[in-house]
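This briefing covers covalent links, aromatic contacts and charges over rings. Please have the coordinates open while reading.

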Amino acid sequence: MKFRHALRYAFRRSAQVTLPIILSACFLAPLSVLASGADEQFLAARSAARNGDKVRLEQLAATLQNYELASYVDYWQLLLDLKEADPATVAAFLDRNPNSYVAEKLRTDWLRQTGKQQEWAAFDREFPSLLQPPPQDIACYSLQSRRAQGDPRTLDDALPLWLTLLEPPEPCYPVLEALILEKRVLADAVWARIRNQFEANKTTAAAYSMNYLPPSQTPDKSLAQTIIGAPLPWLIRLPSDFSGNRMQRQLAILGIQRIARNDPRMAAQQLQRIASSLSEEEQGWAWTQIGRQAAQDHMPEAIEWYRKGGDTPLSDDVAEWKVRAALRVQDWGAVRSTIEAMAPELAAQTAWVYWLGRAYRAGGRLAEADAQFAKIAGQPDFYGNLASDDLGQPIAPPPQASPPSREELAAVQAKPGVQRALLFFRLNLRSEAVREWNWSLRGMSDRELLSASTIALRADIYDRAIATADRTREEHDYSLRYLAPFGDQVRPAARNQALDDAWVYGLMRQESRFVSNARSGAGASGLMQLMPATAKWVAGKIGLKSYHQGQVNDTETNLLLGTSYMRLVLEDLDNHPVLASAAYNAGPGRARRWRADVALEGAIYAETIPFSETRDYVKKVMSNSVYYSALFDGRPQTLKNRLGVIAPRTGGEAKGRELP
């Protein structure tokens, strides 16, 4: 009631209510306010900018000079004429909007424009003022500028890009080609780049890189496309001994890599057939590629094929899959040796810290194992949870920080970027809102982050409340990190399906962050991110005869269909939440096929899921559910108990099931 009175008072005072007035009147009530005339003009200006209508945009700009988002209107006007923009006009805009997201956006656009035109003096004036690490194309323009001005260190700084920038934006090609022209990169490095591109499935970029080879080693376009698309016939026609032809040797192992993507056993047969023509290094790389694909396919031969690669240096991805292959067959020695051989930055990731600890424990090196676990125990993620379990430290939220004071809330509320973000949310311009919000969080203290999270919560912007609370470093509020909104609807829906509400909330947190109208790029909708076909199938299964696709974002309908599907996949998959979580994301058929011939720890099953998105999803859902359970029950939890053991496959995994 107080909120409604406050809004009526604010609207009586001004036909164009500003966000600060609204916020001071209702102190961060939900953003369910009517759009003002100025809001409508702003939206019209945005539409004019998108349509390139300069005249209409100029007319609207004149009426929006005092609007909270006027800087965006100015930005759109500049952007439409950026090619001809006066540098002084750009500089004036940047001076008027210091440290703002829109200023950083214009500065980036301006750098891109001046770099494209090779106006290096103008580029160099603005480049040092970027507040965030530059996008890759801007970074390459900077290297171009330095090279144009004769900086002798330019190519030294560019050299690391040769093997890592596998699909470069256009501005990076002059820099990469300078490495060739200056002979900083020779044929060995070109072939290494091509192999990296094949590993990453960047085959179009790899075909382009072949142009950098010496003429005697450069395949024609037709042959390059054969190796990429259908190499087996070409491999079979190779002479019995082609060891003296480097191009054929390199193309042969690239062809083996491509065959392995679909048929690792065929690739292994072909590699054994031609091995005598290949060097030890070439054979080693090819075997690791076969092993990597076999590991992802959960083939028992994977670790043996990896071993045939000997001491061949492994890329990060290939090394990670070697560990996963070893985990599937419980080869803890291979787990240990592979992680110990990883690059330090990779080995320091929590996943490999944890699995190295497990490998040490399996080998009886208990003190070293506990030292590994201690590095990550207490971290609020899947591996931190597992490490805590292994050290016998039950998982519970840390002591809750004191709530933000009214003064702390007001100070964060007053930040212009926060106000702009909230106004964008009110206008239902979520992409712009999220960018402004995230930009505003830079450099915030824990107390400010907790205040910002509370502001988002009070405005019903649940995803930003969670993401913001997740950033705190010393002071934490897990009731904000693990919000449980819609409780009067979620808990009855979970109870009606006999589901653990902590698991339901853990899955919803990962699916939508409680954005009720969320829609994925694949077309999934609502709090529980239901695909149209799945929603329709579930509606039919449970007898919801009146269902139509327009209801999918209705909260109660979405929860009914989503929790019903969770129950159905749970019942179909041994009543195991790990399998059911994988099924919810990737489909029940895949979740069944990913089981092993022997029982697997739930943690190993999750670690070896072939799809990176699903692998990450399952880990986060299960870790989320631990914290929700701890908050709901008020008792410490253990992740390992939830992960349990995955039963062996039964032989029926390849058969079709009714569940979508």
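Cysteine 140 is buried, at a relative accessible area of 0%. The model is predicted. Cysteine 140 pairs with cysteine 172 in a disulfide, and a search of the whole structure finds one such link.

**Disulfide**

- The sulfur atoms of cysteine 140 and cysteine 172 are 2.1 Å apart.
- The link is right-handed, with 95° about the S-S bond.
- Cysteine 172 has 1% relative accessibility, so it counts as buried, the cut-off being under 20%.

**Aromatic rings**

- The whole structure holds 29 aromatic pairs.
- One of them is phenylalanine 123 with phenylalanine 127, at 5.5 Å centre to centre.
- The planes of these two rings are 15° apart, so the pair is stacked, since stacking requires under 30 degrees.
- Phenylalanine 123 is buried, at 0% relative accessible area, whereas phenylalanine 127 is partly exposed, at 22%.
- One aromatic cluster is formed by Tyr478, Tyr482, Tyr505, Phe514, Tyr627, Tyr628 and Phe632.

**Charges over rings**

- Arginine 324 places its charged end over the ring of tryptophan 321, 4.7 Å from the ring centre.
- Arginine 442 lies over the face of tryptophan 439, and the distance to the ring centre is 3.7 Å.

Conventions
Residues are numbered from 1 along each chain as its sequence is written. This is a predicted model: local features need pLDDT of at least 70, side-chain atom pairs count only at pLDDT 80 or more; totals for chains, interfaces and linings use all residues. Side-chain values use heavy atoms; hydrogens and water are left out. A disulfide is a pair of cysteine sulfur atoms within 2.5 Å. Buried means under 20% relative accessible area, exposed over 50%, partly exposed in between (1.4 Å probe, protein chains only). Rings of Phe, Tyr and Trp (its six-membered ring) pair if their centres lie within 6.5 Å; planes under 30 degrees apart count as stacked, over 60 as edge-to-face and the rest as tilted. A charge sits over a ring if NZ of Lys or CZ of Arg is within 6 Å of the ring centre and within 35 degrees of the ring normal.
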